[in-house]
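Hi,

Here is the structure I promised to pass along. Have a look at it first, and then read on for what turned up.

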Amino acid sequence: MNHKRGDSPRNAEYTLFLGCTVPVRALNYEISARKVAEKLGLRLSEVSDFSCCGYPIKSVHRYAYLLMAARNLALAEKKGLPLCTLCSACCGSLTEANHEIQEDEKLRKKINEDLSEWVGLRYEGGIRVTHFIRVLDQEIGKRSIAEQVRTNLSSLRVAPHYGCHYTKPSTIYDRTENPEDPKSLDELIRATGAESVDYEDKLQCCGGGVLAMDEQVALAMAHRKLDHLRAQQADAMILICPFCNVMYEGNQRKIEKTFQTEYKLPVLYYPQLLGLALGFEPDELGMKMNRIKTTELVKKITRRAD
Amino acid sequence: MIDSNTFDPHFKFLIASEPGGENIKRCFSCGTCTGGCPVREVTDRYNPRRIIRMAILGMKKEVLSSDFIWLCSSCYTCFERCPQNVKIPELMNAIKNIAAREGYLPASMKSQLDLLASFGRLLEVTDFENEKRKEANLPLLQGRTEDVRKILENLGFHRES
């Protein structure tokens, strides 16, 4: 498939794929993403009956995963717009299925036979899947973002967490970004004026993938990273995936208890950080919903602005 | 003591015929996967090199009935680094697909399947959620979709209530 850059940012339009976690547990991510999209001239269109992307079932029944992904892709195809996700696992799962369906004609035929018989849908392979952050990076662009910054965030030192499925497996993303040395999120952070903090094990997995199987293992994985972040005294961690948030923010208290430590580390979604830079009030970006208080962080910005 | 008479020499071929498991026989046990594995970093129970070795040797029952095959976090670090392109996370999925068919589905996966069949999502969108969405000026979502249940039923998953 051709990965064309899309129309000019002013009239770029995507169907937004929310997945399971965002619309129930990460409204602040969705609210802030929609706010910054509107401000930057990115139109987001809705499909109300998308299901789970299929990712959780991949380990149990690969073909069921492909069918679930194909059903969502078929609904998106009806809209005729490229699909953009907020969750990195949704992005990986839909991108991989999309490639496979587009490239394997036999598979596409079989999937369409089953989909049309069972749920009355077909997917012809006509849409492109991407991540909301990738759209900001590639279609809006760092320069354009920097030009629209209204609030100076230069007092903030924040740590990017890329997570796994935003860059890996690099084969499904046509190696858009080197997964061993990604730069897009650091650069997007710098575009807001904030400092992007480097830290040990920056590319390490949050552990979310094993949470359902073994909570202690998952917590231990997130614990290591939170320790590394504390060592760098970052003001906040910046995420682009709701499942990473489950680990670092949702489970931060539990990790503190389990490992007898304390972080109180604010965790923001990138669109929240960007929204602050674009001049939105914290409340407009759903910051009240952040479980780890962001009051100090916001004070730091306003002190600087005064 | 491991008794090699119990090994099933066909196991590696079974895995190689499963989507995602095609490259298992390429593994030369270099350990790059285990060396960079974030799960292995915090627990000895998950060791991809060891699992692949066991699978190639034919330790079918030990592998399929284990809980360790389910501990891969699917971070794809090893996928990127493997010099033999064994595609380990996909290989683990292939093994897990076989395990599921042979009746070794962990309880947590079973409950995820039930949720998907019931709501079409892992988390239900209730009226309460839609009310919260309305307050936040977000578009409302369809509470559940029957399509996922239809797909699962047609593939032979029977819901256990």
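**Domains of chain A**

The centres of domain 1 of chain A and domain 2 of chain A, taken over C-alpha atoms, are separated by 24 Å. Please keep in mind that this is a predicted model. The domain assignment places domain 1 of chain A at 9-131, and domain 2 of chain A at 145-305.

Where the two domains touch, domain 1 of chain A contributes 23 residues and domain 2 of chain A contributes 23 residues. On the side of domain 1 that touches domain 2, at least two residues each come from helix H1 (22-25), helix H2 (27-39) and helix H4 (88-103) of chain A. H2(A) gives the most to that side, with nine residues. Sorted by class, the residues on this side of domain 1 are eleven nonpolar, eight polar and four charged.

**A helix pair in chain A**

Helix H3 (residues 62-79) of chain A and helix H5 (residues 105-119) of chain A have axes that come within 10 Å and cross at roughly 75°. Because of that angle, H3(A) counts as roughly perpendicular to H5(A), the range for this being 65 to 115 degrees.

Which residues in H3(A) and H5(A) meet? From H3(A) they are A:Leu66, A:Leu67, A:Ala70, A:Arg71 and A:Ala74, and from H5(A) they are A:Ile111, A:Asp114, A:Leu115 and A:Val119. The contact of H3(A) with H5(A) has seven nonpolar residues and two charged ones, with no polar residues.

**A mostly covered helix**

Helix H10 (residues 242-250) of chain A is mostly covered, with eight of its nine residues buried. The buried residues in H10(A) are A:Pro242, A:Phe243, A:Cys244, A:Asn245, A:Met247, A:Tyr248, A:Glu249 and A:Gly250.

**Where the chains touch**

Finally, the contact between the chains: 47 residues of chain B and 45 residues of chain A take part. On the side of chain B that touches chain A, two or more residues come from each of helix H5 (77-81), helix H6 (88-101), helix H7 (107-119), helix H8 (127-135) and helix H9 (147-154) of chain B. Which helix gives the most to this side of chain B? That is H9(B), with six residues. By class, the side of chain B that touches chain A has 27 nonpolar, twelve polar and eight charged residues.

Best wishes

Technical notes
Residues numbered from 1 in each chain as written. Chains lettered and ligands numbered in written order. Predicted model: local features only at pLDDT ≥ 70, side-chain atom pairs only at ≥ 80, totals over all residues. Contact = placed C-beta atoms within 7 Å. Helix = DSSP H or I, 4+ residues; strand = E, 2+ residues; numbered from the N terminus. Nonpolar A, V, L, I, M, F, W, Y, C, P; charged D, E, K, R; others polar. Axes fitted to C-alpha atoms, helices over the stretch in contact; angles between N-to-C directions. Parallel < 35°, antiparallel > 145°, perpendicular 65-115°, else oblique. Domains from an automatic or database assignment. Buried ≥ 20, exposed ≤ 12 C-beta atoms within 10 Å, placed from the backbone.
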